[in-house]
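This briefing is meant for a reader meeting the structure for the first time. Please look through the sequence and the model first, and then follow the topics below in order.

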Protein chains: 4
Amino acid sequence: MAREQGPAIDAGELQDLIREGVPLVGSYGVTVEALGRGTVRLRMPYRDDFVRPGGTITGPALFGLADVALYGAVLSAIGRVELAVTTSMTINFLRKPQPGPVVAEARLLKLGRRLAYGDVLLFAEGVAEPVAHANGTYSIPPDRPAV
Amino acid sequence: MAREQGPAIDAGELQDLIREGVPLVGSYGVTVEALGRGTVRLRMPYRDDFVRPGGTITGPALFGLADVALYGAVLSAIGRVELAVTTSMTINFLRKPQPGPVVAEARLLKLGRRLAYGDVLLFAEGVAEPVAHANGTYSIPPDRPAV
Amino acid sequence: MAREQGPAIDAGELQDLIREGVPLVGSYGVTVEALGRGTVRLRMPYRDDFVRPGGTITGPALFGLADVALYGAVLSAIGRVELAVTTSMTINFLRKPQPGPVVAEARLLKLGRRLAYGDVLLFAEGVAEPVAHANGTYSIPPDRPAV
Amino acid sequence: MAREQGPAIDAGELQDLIREGVPLVGSYGVTVEALGRGTVRLRMPYRDDFVRPGGTITGPALFGLADVALYGAVLSAIGRVELAVTTSMTINFLRKPQPGPVVAEARLLKLGRRLAYGDVLLFAEGVAEPVAHANGTYSIPPDRPAV
């Protein structure tokens, strides 16, 4: 019962998995701030190489954060299934964040046997209006161990 | 006349701009392989930190390549307007590439005064079937110098 | 002040505009159930020609509802600007609704001078889990009267 | 051998299936103009109720055409599997077509066992520049008869 309500992976394990399993985005220093069943909040500190012309944060850094946030939301619901992979992702850039930390809030909107779908809001830390909105689908491998 | 047909930025300048202007993706070592007016082909060498669980290339590396490919296609049509920014991007991951170089072929499908739209096919080098397909919109700043 | 909080168009006017201005979807019999500033809830009754193989509702009917819901959310924020047009829309179909009424809940996530962006959740009436999720961008014509 | 090259459904059968299986879009009078294996060209005549403010064609009509075009491209590769359903679709509106016939050219970019992905260009008949570009994924039911 509690199992249905709490996350199926713990925050420390998810954070390690992001850092070690996907080294490119893992190197961004993302931390898990909160974790529920099907929801996650991540924080990405600013790094000098995230800048782009105009003095804002480059899209691929925001995309990388959104992608691992959705990965976290999926694993929070199905447990440690590392081979879950993104099949599609759409990101809309809404405002240009100043250089600084970015927070991602992801939620699952569907968890099927083979596909999970959710969306992610990204915020410049401390600012109420989102800087980007992403949504995407993860494919869940058929031979995963029962959760 | 020739100007209408050739690219509005040269390949070396575009390559430098990608490497210096957007250091995150710039550090991936992307090269400009071909450039037309509204079309570009880029190549991204493999880097160890692009790996993800399953031994394939992580989505954000492919997204970063697609994003700069579309940036290149836009600049090939309007010239060096560094402040052109992505407003939205959708990427579909179709096949899992083996670790190795990835080639991006981008084309513009619309060039308006304020918005440019195009799509990008990504290929594992030497393989005919695409590994991903992306499409996106760039916003062109209103005060750019006439091209 | 009150003006900042209430919708910039009233529900009856929006409903008429949907029915008359866009006759294709207008003919679906969509009603405005609730309207705030930047939010709207619409209801689409079932019609026999919405069926598709498998006994569910065809995607284009759901897309049409999502599109006018986002249109309503935009007009609820900027007033009666009929020439606001969709520039892009992404829809993910999550569950197959039974034949029956569908409810759309749209919200704006960004309102700029030229572009508005938001998303829409679609529900089979009375069922908590969404049947589809859409997001999209509307272009706002530059010469609209001040609101 | 020939079977690998020709379409897995014939044009007349596909046209009937569109008209009868999905009556909403079927009623638009779409015709199959060309059909290959994984490619299709459809034509949609103009209908008075496709108009929207600004004197152009309403987005949902274009979406419906894109959706059945992708459906046709999928069936051209796997045969008559009526229960193939759209799981996601993105459409970008690039230019405002005048009232008149619209032509859709769809191609598959991936055909897997469970998912097919492709894109669609839409043109005002006789005009070279596309009015819209769509891409989407179809889910293929697991228990379909072998093709």
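Predicted model: local features only at pLDDT ≥ 70, side-chain atom pairs only at ≥ 80, totals over all residues.

Two strands are said to pair if DSSP finds at least two bridges between them. By that rule, strand E5 (residues 85-93) of chain A pairs with E5(B) in the antiparallel sense, over five bridges.

**Chains A and B**

- Chain B is superposed on chain A by a rotation of 180° with 0.0 Å of shift along its axis, and the RMSD is 0.0 Å; the two copies are therefore related as by a two-fold rotation axis.
- In chain B, the C-alpha nearest that axis belongs to B:Thr90, which lies 2.0 Å from it.
- Both copies use the same surface, since 100% of the contact residues of chain B recur in chain A.
- The contact draws 30 residues from chain B and 30 residues from chain A, and on the side of chain B the elements that give two or more residues are helix H3 (23-26), strand E3 (51-52), helix H4 (59-78) and strand E5 (85-93).
- E5(B) provides the largest share of that side of chain B, with nine residues, while the residues of the side as a whole divide into 15 nonpolar, eleven polar and four charged.
- Where the two E5 strands pair, A:Asn92 stands opposite B:Ser88 in E5(B).

**Strands within chain B**

- Strand E1 (residues 31-35) of chain B runs antiparallel to strand E2 (residues 39-44) of chain B, and four bridges join them; the bridge partner of B:Val32 in E2(B) is B:Leu42.
- The hairpin of E1(B) and E2(B) has three residues between the strands, and in this hairpin B:Gly38 takes a positive phi near 90°.
- E2(B) is also joined by six bridges to strand E6 (residues 102-111) of chain B, again running antiparallel, with B:Arg43 standing opposite B:Val103 in E6(B).

**The sheet of chains C and D**

- Twelve strands form an open sheet with antiparallel pairing, in the order E1(C)-E2(C)-E6(C)-E7(C)-E8(C)-E5(C)-E5(D)-E8(D)-E7(D)-E6(D)-E2(D)-E1(D).
- Its edge strands are strand E1 (31-35) of chain C and strand E1 (31-35) of chain D, each of which pairs on one side only, and the twist from one strand to the next averages 20°.
- Helix H4 (residues 59-78) of chain D lies across strand E5 (85-93) of chain C and across several strands of chain D, including E6 and E7, and runs at about 45° to E6(D).
- Within chain D, strand E6 (residues 102-111) and strand E7 (residues 115-124) pair in the antiparallel sense over nine bridges.

**D:Asp119 in its surroundings**

- D:Asp119 is found in strand E7 of chain D, where it is the bridge partner of D:Arg107.
- Is D:Asp119 buried or exposed? D:Asp119 counts as buried because it has 23 C-beta neighbours inside 10 Å, and a residue is buried if 20 or more other C-beta atoms lie within 10 Å of its own.
- Leaving aside its neighbours within four places in sequence, D:Asp119 is in contact with B:His133 as well as with D:Arg107, D:Leu109, D:His133, D:Ala134 and D:Asn135.
- D:Val103 is 16 residues from D:Asp119 along the chain, and the C-alpha atoms of the two are separated by 14 Å.

Key: Residues numbered from 1 in each chain as written. Chains lettered and ligands numbered in written order. Axes fitted to C-alpha atoms, helices over the stretch in contact; angles between N-to-C directions. Contact = placed C-beta atoms within 7 Å. Least-squares fit on C-alpha atoms with pLDDT ≥ 70 in both. Nonpolar A, V, L, I, M, F, W, Y, C, P; charged D, E, K, R; others polar. Buried ≥ 20, exposed ≤ 12 C-beta atoms within 10 Å, placed from the backbone.
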